Amino acid sequence: MEFTADPATTNPAPLIGIDVGGTAIKYGIVDGLGRITHTGTRPTPTSSPEITAALTEIAADLDATGIDPRLPAGVAVPGIVDEERGIGVWSANLGWRDAPLAAEFSKALGREVALGHDVRCGAIAEAEYTDAGPDLFFVAIGTGISAALVLGGRHVITGGWAGEIGQYRVEHEGELVPLEKVASSAAIARTYSRITGQTVAGAKEVFEAPDAREIIADALSHLGEVLAASASTLGPVPIRIGGAAVRSGEDLFGPLRAELTRRLPEQAIPTITAAELGASAQVVGAATLARRRIPA
């Protein structure tokens with residue numbers, strides 16, 4: 001479900017949310033109720049300097065709407081993030097290490113920036129603007145796979161590594177490989193193209209292809225294994241899944257529920273549903289992070 005507000009009814013204290021994903025940069029102006037009044041997207045460049053340059057262009061687009069140019073922004077990025085120091089510690093998909101992203105992005109955007117982890121930002125939005133409750137395991141499946149854990153309303157971070165389930169090694173074709181190399185939306189599309197020789201735009205096309213059942217089953221078996229292992233440690237904390245993969249609906253959720261049922265005692269099986277905020281969750285969460293961390 002996308003939240004897009006009529007500007008006439010928007011809370012008068014908006015903030016900017018930007019989600020730097022592995023494939024696309026999504027951004028928007030977000031009011032205090034989590035509603036988006038202006039939104040945009042553009043492909044993610046392949047280097048950190050190019051990403052910073054893209055943010056300058058995004059700032060120009062946002063400023064053209066007439067917003068206060070001093071309006072703070074929250075920027076969500078993947079990988080290991082030191083939010084207190086504004087550092088992108090490491091990103092498997094975008095390639096930076098110990099990069100001073102908050103400072104770089106602040107200069108590019110011309111405003112104060114709160115740097116956050118993309119999936120933790122998604123969890124912030126789900127926890128604050130939906131009926132998710134105080135306990136939540138938010139899983140994002142896109143270019144990579146990552147998760148964020150909220151217990152009793154508090155985020156578990158543990159040095160930035162909490163929730164990095166995409167880096168968990170699973171046994172695949174005789175090797176131990178990161179889960180996201182097998183079960184992310186990008187990985188599913190790559191595997192299908194490699195096996196069939198057919199180019200696809202994304203995982204949704206693969207889910208709909210009649211000759212992809214084994215590819216999908218293999219990917220979701222690995223993902224279900226890791227989700228079940230997480231649930232066996234955390235207990236039946238509700239799982240909400242966001243990212244491009246949720247467009248596949250029950251073709252995704254049905255096999256994952258079956259895998260959890262196969263691997264866990266009945267009492268330990270968590271609910272597993274789509275994130276209510278859909279593709280806007282990280283944008284809304286990034287803006288919310290800015291509201292929390294940057295004084296008005």
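Colleague: Which strands form the open sheet whose pairing is mixed, and in what order?

Modeller: In this predicted model, 5 strands make up that open sheet, in the order S3-S2-S1-S4-S8.

Colleague: Why are strand S3 and strand S8 said to stand at the edges?

Modeller: Strand S3 (36–43) and strand S8 (113–117) each have a single partner strand, so one side of each has no neighbour in the sheet. On average, neighbouring strands of this sheet are turned by 15° against each other, direction ignored.

Colleague: How do you know that strand S4 and S8 pair?

Modeller: Two strands pair if there are at least two bridges between them. Strand S4 (residues 73–77) and S8 are joined by 5 bridges, so the pair meets the requirement of at least two. The two strands run parallel, and Ala 73 stands opposite Val 113 in S8.

Colleague: Which helices lie across strands of this sheet?

Modeller: Helix H1 (residues 48–63) lies across strand S1 (15–20), strand S2 (24–30) and S3, at about 30° to S2. Helix H9 (residues 281–293) lies across S1, S2, S3, S4 and S8, and runs at about 130° to S1.

Colleague: What is the order of the open sheet with 3 strands?

Modeller: The order is S5-S6-S7, with antiparallel pairing. Strand S5 (80–82) and strand S7 (97–99) are the edge strands, each pairing on one side only. The twist from one strand to the next averages 20°.

Colleague: What makes S5 and strand S6 a pair?

Modeller: S5 is joined to strand S6 (residues 87–90) by 3 bridges, and at least two are needed, so the two strands count as paired. They run antiparallel. Val 81 has Gly 88 in S6 as its bridge partner.

Colleague: Turning to one residue, where is Glu 180 found?

Modeller: Glu 180 is found in helix H4 (residues 180–183).

Colleague: Why is Glu 180 said to have no salt bridge?

Modeller: The nearest side chain of opposite charge is Lys 181, 5.0 Å away.

Colleague: What makes the pair of Glu 180 and Gln 167 a polar contact?

Modeller: Their side chains are 3.1 Å apart, and the limit is within 3.5 Å, so the distance meets the limit.

Colleague: Which residues does Glu 180 touch, not counting those up to four places away in sequence?

Modeller: Glu 180 touches Ala 92, Asn 93, Gly 144, Ile 145, Gly 166, Gln 167 and Ala 187.

Note on methods
Residues are numbered from 1 along each chain as its sequence is written. This is a predicted model: local features need pLDDT of at least 70, side-chain atom pairs count only at pLDDT 80 or more; totals for chains, interfaces and linings use all residues. Side-chain values use heavy atoms; hydrogens and water are left out. Helices (H or I, at least four residues) and strands (E, at least two) are DSSP runs, numbered from the N terminus. Buried means under 20% relative accessible area, exposed over 50%, partly exposed in between (1.4 Å probe, protein chains only). Lys and Arg count as positive and Asp and Glu as negative; His and the chain ends are not counted. A salt bridge is a side-chain nitrogen of Lys or Arg within 4 Å of a carboxyl oxygen of Asp or Glu. A polar contact is a pair of N or O atoms within 3.5 Å; within protein, one must be able to donate a hydrogen and the other to accept it, and residues adjacent in sequence count only if both atoms are side-chain atoms. Contact means heavy atoms within 4.5 Å. Axes are lines fitted to C-alpha atoms, for helices over the stretch in contact, and angles run from 0 to 180 degrees between N-to-C directions.
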